[in-house]
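Welcome! Take a look at it first, and then read on.

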Amino acid sequence: MPSTEVNGLVFIHIPKTAGCSITKWLTTHFNTKPTLSKCMHPSTSMINIPFDETFAVVRNPWDRTVSLWAFWNKIKKTNVSFDEFVRNIRDYKFNERLWFTLDQPQKVWIPNGVTYLLKFETLEEDFKVIQEKLGCFEPLSHINSSEHDDYKTYYIKETWDIVADVFKDDIEEFGYTNHHLTDDSKN
C-alpha cells in the first residue's frame, strides 16, 4: 500500500480517492517520496504499524466505481461498458504488481485509530486540517482524474444494487446513503 510520511503524519493512499493529488502536494511541498509497503494486501500492510498520526480519504462507493471503470478502460485500453464492468467487478484484476483489487472495500486500508478521515466529496474543506497541521496552505491540485460524467448517470437499479452489495461495508462505515436512483437525496 503506498503511503507518504511528513513529520510523523502518514497519508494512506486509497486508489481513486485523490491519492495522486495529495501525494503530489506532499512531495512538492515537503520534498518527500511515497513508499510502498512490502506487504501488498492492504488489510495487513499498515493496520498495526504505530505512527504519530495518519490520514486517508474515502469516496462515495458509487462515484468511486465509475472512476475505477474509467481508469480501467484507460489503463487497459479497452472499452468495457459500465454495466459489464459492474456486473463483473469481482473478476477484474490489473496485475500482480498493484496493491489493490477493484472490488476491495476502502475500509481495509484504514488503520485502527486513523487520526484524520477526509471525504472526497468535501476534500477542499476537509484538507484544511492537513494544511494547518503541516503549516502549508498551498492549494491541492487535481491530477490523475478519470474523465466521466456525473456518476449517477451511469447507473440502472441493478448496477446500483450490485455496488451497494459489493461495498456495503464502506457505505455503512463511512456514512454513505444507499438511496435508489429516483431519490434526490444521495450523497
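What follows is a tour by topic, from the overall layout to single residues.

The model is predicted, and its chain averages a pLDDT of 81. The chain has 187 residues, and its secondary structure comes to eight helices and five strands.

**Confidence along the chain**

- A pLDDT of at least 70 is reached by 78% of the residues.
- Helix H4 (residues 82-87) is where confidence is highest, with a mean of 97. Helix H2 (residues 42-45) is at the other end, with the lowest mean, 36.
- Please read residues 37-50 with care: the pLDDT is below 50 over this stretch. In the model the stretch has 27 contacts beyond near neighbours in sequence.
- Residues 183-187 also have a pLDDT below 50. Twelve contacts beyond near neighbours in sequence are found for them in the model.

**Overall layout**

- Of the residues in the chain, 48% are buried.
- Among the contacts with a separation of 6 or more, 72% are between residues 24 or more positions apart.
- Helix H7 (157-166) has its own set of buried residues: Thr159, Trp160, Val163, Ala164 and Val166. What covers these buried residues includes helix H3 (61-76), H4 and H8.

**Aromatic pairs and a cluster**

- How many aromatic pairs does the structure hold? The count is nine.
- One of them joins Trp25 and Phe127 in an edge-to-face arrangement, with 4.9 Å from centre to centre and 85° between the planes. Trp25 sits in helix H1 (residues 19-30) and Phe127 in the loop between H5 and H6, so this pair ties together parts that are 102 residues apart in sequence.
- Both partners are buried: Trp25 has a relative accessible area of 3%, and Phe127 has one of 1%.
- Phe82 and Tyr154 make a tilted pair, because their planes stand at 55°, with the ring centres 5.6 Å apart. This pair links distant parts of the chain, 72 residues apart, with Phe82 in helix H4 and Tyr154 in the loop between H6 and helix H7.
- Are Phe82 and Tyr154 buried or exposed? Phe82 is buried, at a relative accessible area of 5%. Tyr154 has a relative accessibility of 19%, and it counts as buried because the cut-off is under 20%.
- Phe82 and Tyr154 also belong to one aromatic cluster, together with Trp62, Trp69, Tyr155 and Trp160.

- Which residues line the second largest pocket? They are Ala18, Ser21, Phe120, Leu123, Glu124, Phe127, Lys128, Gln131, Pro139, Leu140, Ser141 and His142.
- Helix H5 (123-126) and helix H6 (128-134) each supply at least two residues of this lining.
- Sorted by class, the lining has six nonpolar, four polar and two charged residues.
- Phe127 is part of this lining and is also the ring partner of Trp25.

**Single residues worth a look**

- Ala18, another lining residue of the second largest pocket, lies in the loop between strand S2 (9-12) and H1. Its phi is near 75°, a positive value in a residue other than glycine.
- Ala18 counts as buried because its relative accessibility is 16%, and the cut-off for buried is under 20%.
- Lys77 is not a glycine either, yet it has a positive phi of about 55°. You will find Lys77 in the loop between H3 and H4.
- Is Lys77 buried or exposed? Lys77 is exposed, with a relative accessible area of 74%.
- Gly175 is found in the segment after helix H8 (168-173). At 42% relative accessibility, Gly175 is partly exposed.
- Gly175 and Asn60 are 115 residues apart along the chain, while their C-alpha atoms are separated by 9.2 Å.

Technical notes:
Residues numbered from 1 in each chain as written. Predicted model: local features only at pLDDT ≥ 70, side-chain atom pairs only at ≥ 80, totals over all residues. Heavy atoms only, no water. pLDDT = per-residue confidence, 0-100. Helix = DSSP H or I, 4+ residues; strand = E, 2+ residues; numbered from the N terminus. Contact = heavy atoms within 4.5 Å. 1 Å grid on protein atoms, 1.4 Å probe; cavity = no way out; pocket = protein on both sides within 12 Å on 5 of 7 lines; lining within 4 Å. Nonpolar A, V, L, I, M, F, W, Y, C, P; charged D, E, K, R; others polar. Buried < 20%, exposed > 50% of the residue type's maximum accessible area, 1.4 Å probe, protein only. Phe/Tyr/Trp six-rings, centres within 6.5 Å; stacked < 30°, edge-to-face > 60°.
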